[in-house]
Amino acid sequence: MNPLDRLKAPLRRTLGKAQRSVRAELHAFSRDRPIVSGSVLYESFAGNGALCNPEAIFRELLRAPDMQHLTHIWVLDNLARHTEIQAEFASAPNVRFITRRTPAYFAALATSQYLINNSTFPADFSKRPGQTYVNTWHGTPLKLMGYDMPDGAAESANTLRNFLMADYLLSGGPFMTHRVYEEAYKLGGLYRGQVIEEGYPRMDHQWMTPADDTAARQRLEAAGIDLRGREIVLYAPTWKGTSFSNPANDARELLEASADLQSRLGDRFVVLLKTHQVVYELAQKTGGASHIVVPNDIPTNTVLGISSVLITDYSSIIVDYLPLNRPAFFFIPDAEQYADDRGTYFDLEDLPGAVFDSVSELARGILDAVGLPSPQYSPTQLAYFDQFVPFDDGGASARVVDIVFRGRTADRRLVSLSSSTRTSILLHLGGMRSNGITSSALNLLNAIDSSLFDVSVILQKPGGDDQRANQLRIPPHVRQFHRFGGMNGHKTTHTLRRVRNATTRAPRPTEPASLQTMWADEWERCFGDSTFDAVIDFSGYSPFWANLFSHSPDAIRSIWLHNDMESETRRVTRGRMRMRRSLPAVFATYSRFDSLISVSESLAEVNAKSLAARWNLEPEHFVAARNMVDASHVEQGLLEPLTSLEETEDASAGTWLNDLEHRDDLRWFVSVGRFSPEKNQERLLRSFAMIRDRHPEARLLVVGYGPLQSHLEHLVTHLGLTDAAFVVGPFSNPFPLLANADCFVLSSNYEGQPMVLLEAAIAGLPIVSVDFATVRDALPESHILVVDQDDAALAQGMEAFLRGEVEPAALDVDAYNAAAVREFHIATRTAELAQRTDTA
C-alpha cells in the first residue's frame, strides 16, 4: 500500500473531528445569542422539501395581514434540489432558505422564536427559553408507532425527545391524541405542552376551487407528467419499514405494480406514484419512471385534491383522503409479512375500504367503482371519520395560527396529557452490561407497581449485543429515554467540567454559572420539559450521570452506593486505579441528593463512616435498600442442561464440562464473579491448592470475565492445578454450573450486596465465604460459613464442607423481595410521594 494511502483514513477522521468541533462551538456561540423576535423556522422530513403541515402553516401566515412582521426560514437538505420553492419566493425579503446541518442551520435553530417541524430535529437540538416549538407530525398512522413497534423504545428515542420539548403537538382527532401520543409514545402523565386537536393544516390543500384544480394539474404537467385530461389514480404506499438500507427494492416493486395497473385500467386513467420520502429519489431516477412519479415539491394533499381514486397500503394518507368521500382501495400483497415485521392498529377487514392482494383484482375493483354515485359513508368509514378526521374542514391552518401565534384559545380544542394519579420516577440504569447492577435494576423494574408509579429509565443508546439484550429485558410498561449525541456548550465550559471532575478531592462550595447552565441545557436536551417526582441514579459510578441527576428540576433525588465506595477508589484494574479520580467527582454531588442508598445496612454504615465527615454529609442521609433477586430467571437457568454451555466462547469447556456432567464421585466448588482485584480469586486458588493433595476428589470452577482472566489462568498452571481448577467464562447463563456444583465459595476483599450469594441460595448450595463488612446480612435467616480473610482460613472452610459440616443455604424469595421493594420505596421516599398523591 502506498504510504500516502495509509494516511488518508486517519486524516479523514481528524478532519471530521475538527469539523464537528468547530460546528459544536459555533452552535454554542449561537445559543448565547438572543432569540430573534418574529422569526419562524420550518423543517419537513429532515429538509426534504417545503412540505406537509409546516408548508400549510407557512402559507397561512403569509396570507394573514397581522402576521406580515414575521420572517420565515425554510430548512432544505440541498438547495440545488429544491429550486421551485426558492424561485417562488426569490423576491420575498421575509423568506430565506438554509441548508440542513450547516452553521447557518444551527444558528437559526438556536435563535428562531418559533420552530415548526413535522418530524424531528437532530440530537444537537434542545429548546431554549423563549422559543415556541410546534411539532405537527405528518399524519395519523395505521401502522404501529412508538412503543407499539418492534423495538419501539430504541426506534422512537429521538421522536420522544422532540415531542417532550414541543409546546404544541398537532392532532387530527382522538385516535392520534390518545392512542398514538398518549399511549404509543407514552406521553400520558409526562407531556407538559398541549395537543391542538383541530385537524391537520396540510389537509386544507384538498378543499379546492376549480381554479385550484386547474393550477394543480398544470403544476404536474410542468413537472413532465402527461395528464391529457385523464382521471388521476394515485398510488401512494408507505415505506415498509424494513428496507432503509436498500430502498431500491421498494422503488422497483412500486414502479412495476404501477405499470401493470396502468395497462389494465386503460386510457381513461393515469396512474401516478407518490412514494415515501425514503424511496423517492430512486423511483424518480429509474429509467422511464419520472413521468409517473409525483415530484416531492408538490404537496401530497394538493395531488389528493385532484385525484379520483386513491390506492394505498398502510399509509396515513388514507386518513387524509377520507373526508373527500371518493373511492379508496388498499393494495396489500404482503399482509402477513408486514404484520410480523411492523404490524398495524387494525385488521384488514376493519380498514375503511376494499382490500386487494393482486393488481388484476385491484384494477377490476377500480373499474367497478368509478363512475358510480358517491356512496354514503359505511359504518366502518364513519367510525374512522369520528376518530381520525372529525375536524378537518379546510380551516385547520387558520385555527393553528390562531392558537400558536395569536394566543386565541377560546372555543379551540386543546388537550392536556399531563394529568396523572401516579408518582413519576426516573432511574438511570447504568451501562446495561451484564453485571450485578444491571441485574438488580431489571429486577427492580419488574417489581415496582405500575398502577401506583409511572416509571421512566434513561440509558446511553445501547451499543453491543450484550447491552441490547439487556435493554430488551426492560418491562414494556417502562418508558425509556435513550441518550445519544453530546452535550451542548462551549469547549471552555467542557474543559472546566472535565478539570473539576479530575481534580475534585473535597467538597466545592460553589459551582460556576456556566456549568449550571450546561447541566440545565443537557436536561432539556434529554428530557424536554419533563419533570419527575423522584430521580434516582441507580448506577452511582458516573460523574456525568450523578451531576445530571443532581441538577434535575425540583424532585426527591437518590443515588445508589453499590459497594464500599471509598475502597472502590483504590481498586486496581490492569495496573491502574481507574476510579481514583472519577469517584471523588461523584462524591462531590452527594450533597445535592436527598438519599445516599447502600445495598445493605452494614454497607450504609461503612459508607457513612468513610464519606460523611470528609464530604460534609449528614449521616442520616446514608440509608439502605437491598437489591432484589429475579428468582424465576435463576430457577429457569438452573433447569438448563449442562450441554447448553457446550457452544460457548469458552474453548476449554470440553474436559471439565464432561467431568462435571458425569461427576464420578468428584466434589465441585464453584465461584462466580468478575475477574478483578477486589474479588481476590487469587486467594481462592491458593486456598484450593492447600487442600488439593488431601482431597483428590475436589474440583474448582472459577467462573466470570474480566481483566485478570489470563493472570488467573497462569496462576492455575503455576500452582499445578490444571487438572483440578478451571478459570472459565463468560457464560450468558452460568446457572447450570451452580445446579451441578456442590458448594459455592466467595473470596472477595469487599462486596456491596453479593447477589451471587442470593443466587447460590436459590440453587440450594452450601456457602463458604471469607469475612467482609456486608457478608453477614447478605442472606437473612440462612446459614453461611464465614471464615477469616486469609488463605488458610478459607482452605479450612472448604474442608469443613467436604466433611459435611456446612448446611445448604436457602432463601424465601417472596418474603425477601417484598421486603426489598418496601425498602426501596422508603429509602427513595417514593412511598411518601405515593401516599401524598393518593391523599390528593
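Modeller: What follows is a short talk through parts of this predicted model.

Colleague: What are the overall numbers, helices and strands to begin with?

Modeller: The chain has 33 helices and 26 strands. It holds 840 residues, and 57% of them count as buried. The C-alpha trace spans about 100 × 75 × 60 Å along its principal axes.

Colleague: Let's take a single residue. Where is Lys143?

Modeller: Lys143 sits in the loop that runs between strand E5 (132-135) and helix H5 (152-155).

Colleague: Which side chain of opposite charge is nearest to Lys143, and how far away is it?

Modeller: That is Asp313, 7.5 Å away. A salt bridge needs the charged atoms within 4 Å. Lys143 has no salt bridge, although it is buried.

Colleague: What does the side chain of Lys143 touch, then?

Modeller: The side chain of Lys143 makes a polar contact of 2.7 Å with the side chain of Thr238.

Colleague: New topic. Which residues of strand E24 are buried on each side?

Modeller: E24 covers residues 743-746. Cys743 and Val745 are buried on one side, and Phe744 and Leu746 are buried on the other.

Colleague: What do E24, helix H30 and E25 make together?

Modeller: They make a right-handed β-α-β unit, with H30 being residues 755-762.

Colleague: On to rings. How many aromatic pairs are there in the whole structure?

Modeller: A search finds 37 aromatic pairs. In one of them, the ring centres of Tyr114 and Phe405 are 4.3 Å apart and the planes are at 35 degrees, so the pair is tilted. Tyr114 is in strand E4 (residues 112-117) and Phe405 is in helix H16 (residues 396-406), so this pair links parts of the chain 291 residues apart. Tyr114 and Phe405 are both buried.

Colleague: What about Tyr384 and Phe388, stacked or edge-to-face?

Modeller: Stacked: the centres are 5.1 Å apart, with 15 degrees between the planes. Both residues lie in helix H15 (residues 379-388), four residues apart, which is about one turn of the helix.

Colleague: Why does that spacing bring side chains to one side?

Modeller: An α-helix has 3.6 residues a turn, so residues three or four places apart point the same way.

Colleague: Last one. How many residues of helix H21 are buried?

Modeller: Eight of its eight residues, 543-550, are buried. Among them are Pro543, Ala546, Asn547 and Leu548. At the start of H21, a side-chain oxygen of Ser542 comes to within 3.2 Å of the backbone nitrogen of Phe544.

Conventions
Residues are numbered from 1 along each chain as its sequence is written. This is a predicted model: local features need pLDDT of at least 70, side-chain atom pairs count only at pLDDT 80 or more; totals for chains, interfaces and linings use all residues. Side-chain values use heavy atoms; hydrogens and water are left out. Helices (H or I, at least four residues) and strands (E, at least two) are DSSP runs, numbered from the N terminus. Buried means under 20% relative accessible area, exposed over 50%, partly exposed in between (1.4 Å probe, protein chains only). Lys and Arg count as positive and Asp and Glu as negative; His and the chain ends are not counted. A polar contact is a pair of N or O atoms within 3.5 Å; within protein, one must be able to donate a hydrogen and the other to accept it, and residues adjacent in sequence count only if both atoms are side-chain atoms. A crossover is right-handed if, with the strands pointing away from the viewer, the path from the first strand over the helix to the second runs clockwise. Rings of Phe, Tyr and Trp (its six-membered ring) pair if their centres lie within 6.5 Å; planes under 30 degrees apart count as stacked, over 60 as edge-to-face and the rest as tilted.
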